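Hi everyone, thanks for coming along. Let me put the structure up on the screen, and then we can walk through it together.

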Amino acid sequence: MSESILSVQHLVKRYGDATVVSDMSFEIAPGECLGVIGPNGAGKTTTIRMCLGLTVPDEGLVTAFGLHMPRDALAIKAQLGVVSQFDTLDPDFSCAENLLVYGRYFGLRDAQIRERIPALLQFGSLTHKADAKPGELSGGMKRRLSLARALVNNPRLLLLDEPTTGLDPQARHLMWERLQMLLSEGKSILLTTHFMDEAERLCNRLLVVDHGKKIAEGSPRDLIAQHLEPDVVEVFGAGALGLMDSPLKALAVRVEVSGETVFFYTLDAKPLMQALVAYPQLRTLHRPANLEDLFLKLTGRQIREDA
Amino acid sequence: MQMTQSRSVWRAPELSMRWWPVFLRNLLVWRKLAIPSLVGNIAEPLMWLVAFGYGMGALVGKISVDGTPVPYILFLASGSICMSAMQAASFEALYSAFSRMHVQKTWDGIMNAPVNLDDIVLAEMLWAAFKALFTVTAILGVMLALGISYSPKLLVAWPVLLGVGITFSCIALIFNALATGYDFFTYYFTLFLTPMMFLSGIFFPLEQLPEVVRLISSWLPLTNAVELVRPLFMDQWPTHVLRHALVLVAYTVGGFWIALALTRKRFRG
């Protein structure tokens, strides 16, 4: 067994005729943040549930800390922290009580937990809300309480299922800062997300999944370099779609249309930008290719033109 | 490598002491709401007892139980306390457990920690039984204050009523596992519990019923509970203890086993 902290090998999960996870394999090294990105229904949550032993795979193997799931589920979970997609906070308890009660599930003594509560609340920027119930918290505070709760057992690995979905930018940035703190402390993270900026910012390595399959794997920069041309020129405005029939197409390696916008993927944007000067009614945006482009290319949600 | 082992939901329960923090969680919530919930739990049974016991009791006079004449209020009190145990346990194991399981997703949160589903179901079962015991204790206190029975054997009735709570929480958890919403429980109460109340010798002696109905009645859990508890209120030892206890144990074990299997099925994603 390698020194990976979590190892997932050839996982398969079927529901009836539908295969929701198909031959999924990945590993997480200590201190690493692995991001799993994919559209809704790509099998991200099912994969996490199989890692937790909550869903039994039809095929494949999950090992964590050298232990086998689901046989050693309890021993593995003792070293895991989980933030699920939807908060499962206790609405009748204050923030501090939520942490206390959750710590007990790990077999921790009350005195031990109470000792940790101030630091956990501080970590979640919730010290002033220690006695408030989840119903009185904002969305961002609830997510941070969920994260603080997941840390009550001082886990080695965190499984975070869309931890920032539904948060405003401020709350999201605070969450990112906290996750970066955890990574710098040496914790490992498995993160699913819809947000490419989140994936790019936090993850050492990414898995792109669609239809239950892993379709790409690598660091965010490598994936972009590997799959995309470095420059993107977006053109929109009245008559933009007409460019599809113009000689400008030859200036790009790939051209795509999404809605009313034409995307030119190019190795060198200069000639294209110069040519576009002849179309003053069109608006242009020249930018480097990013993960979102990669995601759209790989998961194929845009209307494609044959290049 | 293959790991294809879809373990049967009917496999033996895998229980450990990890149910205890789950039970404690429910206790901590309840402590915040105990007084209002106490009023709700005991006010209705007491109104029935007073209205029927004294009102009807004046009309009925004494009732013969195995040849012993008994005041109607004592007859009713000894039966209705079983009904209260049943209702308190059922309510908790249905509406409240369903809230935690389905609405608040409390169970999902707990299962992300090292606690398995079997221990959660056990905790909910024992918790509902505890709620029944609490309700029963409060009602017993009022009955003592009213002087309905001073039988020293009430001390034995107390743990028996805990057992009745356990039996009915096990049965109720079956329906909790099957529920899609709160409305589902109305069927359980109106189609199962309410008819049973009338067929278990709580309000009138079973001798009043036709032979066929009595035969059915003798296998109902509530009837067997009443048969155990009523003599204790009359300062007598129940007859056929083993038979009644076995019926209750069968419902308990069978109920828990089915409830656990169906709950596992529900959570097997």
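Let's start where the two chains meet: 24 residues from chain B and 28 residues from chain A make the contact, where two residues count as touching if their C-beta atoms, placed from the backbone, lie within 7 Å. On the side of chain B that touches chain A, α1 and α3 (106-111) of chain B each supply at least two residues. The largest share of that side, six residues, comes from α1(B). By class, the side of chain B that touches chain A has eleven nonpolar, nine polar and four charged residues. Here Ala, Val, Leu, Ile, Met, Phe, Trp, Tyr, Cys and Pro are nonpolar, Asp, Glu, Lys and Arg are charged, and the others, Gly among them, are polar.

Before going on, a word on what you're looking at: this is a predicted model, in which local features need pLDDT of at least 70, side-chain atom pairs count only at pLDDT 80 or more, and totals for chains, interfaces and linings use all residues. Residues are numbered from 1 along each chain as its sequence is written, while chains are lettered from A and ligands numbered from 1 in the order in which they are written.

How confident is the predictor in chain A? The average pLDDT (confidence in each residue, from 0 to 100) is 91 for chain A, and 97% of the residues score at least 70. Please be careful with residues 302-307 of chain A, where pLDDT stays under 50.

As for the overall layout, chain A has ten helices and 15 strands; these are DSSP runs numbered from the N terminus, helices being H or I with at least four residues and strands E with at least two. Its C-alpha atoms fill a box of roughly 75 × 45 × 35 Å along the principal axes. Of the 307 residues in chain A, 42% are buried, meaning that 20 or more other C-beta atoms lie within 10 Å of the residue's own, again with C-beta atoms placed from the backbone.

Now zoom in on helix α5 (residues 139-150) of chain A. Is α5(A) mostly covered or mostly open? Mostly covered: ten of its twelve residues are buried. Among them are Arg143(A), Leu145(A) and Leu147(A). The buried residues of α5(A) pack against several elements of chain A, including β6 (80-83), β7 (157-161) and α6 (169-184).

Thanks, and I'm happy to take questions.
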